[in-house]
Amino acid sequence: MEVFVAKQSIFDRNLDVYGYELLFRSGHNNYYDGLDENVSTSSVISNSLSVIGMENLTGDKRAFINFPYEMLINGTATTLPKESVVIEILENVYPDHDIINACKKLKQLGYILALDDFVLKPEYYPLIELSDIIKVDFLLTKSEERELIIKKINSPKIKFLAEKVESRAEYDQAFQLGYSYFQGYFLSKPVIIKGAAFQNNK
């Protein structure tokens, strides 16, 4: 049986690869077709670690892995190697008491936390304070919003990642605004990696 994971490169300001976002794929079609976020994340983790091998996917670079609410609460993230992953908190995760406590624990253990598809709302400030990277979706935000987010947060300990960068103009704007990392089709499309599950049973 074949299993699949897609990876998309994330670049720094020198255009060196900083890491890869690992994405759920059910087959050769290079788009998300999952029905359940928990199942999708579980599949990415198991296929990456046990079948394909993290070293084959990311080498010595960081793996950005999406985490929905339930999988943050139940501690699944703590089973991953903190030296090689970034815990990416999905945009629909509401920062309630349980989420804040789970993220505090991850920070105490030394994990890097990223907020996905970030939208600036007052209720997210407790989560912002725990975050290391904020991902701003350049398809969903207007030009002025991309700058306003950086100015409003104004924290030297938080780095900003421009995602879904589709053009040279968007990349140039992100660079000029001070974004640290860049991800999108303009730079690199997701690449599907497949593995044969029957080859091992870790």
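Which residues of the largest nonpolar core touch the most other members? In this predicted model, they are L22, I65, F67, I87, I134 and Y179, out of 49 residues in that core. Welcome to the structure!

**Nonpolar cores**
- In soluble globular proteins, nonpolar side chains tend to be buried together.

**Salt bridges**
- Side chains of opposite charge can pair when their charged atoms come close.
- The count of salt bridges here comes to seven.
- One of them joins the side chains of K135 and E21, at 3.0 Å from N to O. K135 belongs to strand β6 (residues 133-137) and E21 to strand β2, so this pair ties together parts that lie 114 residues apart in sequence.
- K135 also meets E163 in a salt bridge, at 3.5 Å from N to O. Here strand β6, with K135, is linked to strand β7, with E163, across 28 residues.
- D172 and R168 form another salt bridge, at 3.1 Å from N to O. These two residues are four apart in helix α7, so about one helical turn separates them.
- Through shared partners, salt bridges join E21, E88, K135 and E163 into one network.

**Helix α7**
- Helix α7 covers residues 168-177, and its buried residues are E170, Y171, Q173 and A174. Viewed down the helix axis, these fall within an arc of 165°, so they line one face of α7.
- That buried set packs against α6 (143-153), β7 (159-163) and β8 (181-182).
- On the face turned away from the buried side, α7 carries the exposed residues R168, A169 and Q176.
- After α7 comes G178, which has a positive phi near 100°.

**Two asparagines**
- N14 sits in the loop between β1 (2-11) and β2 (17-24), and its relative accessibility of 61% makes it exposed.
- N47 lies in helix α1 (residues 37-52) and is buried, with a relative accessible area of 9%.
- Not counting residues up to four places away in sequence, N47 touches V3, F4, V5, I52 and G53.

Notes:
Residues numbered from 1 in each chain as written. Predicted model: local features only at pLDDT ≥ 70, side-chain atom pairs only at ≥ 80, totals over all residues. Heavy atoms only, no water. Buried < 20%, exposed > 50% of the residue type's maximum accessible area, 1.4 Å probe, protein only. Arc of directions from axis to C-beta. Contact = heavy atoms within 4.5 Å. Core = buried A, V, L, I, M, F, W, Y, C linked by side-chain atoms within 4.5 Å. Salt bridge = Lys/Arg side-chain N within 4 Å of Asp/Glu carboxyl O.
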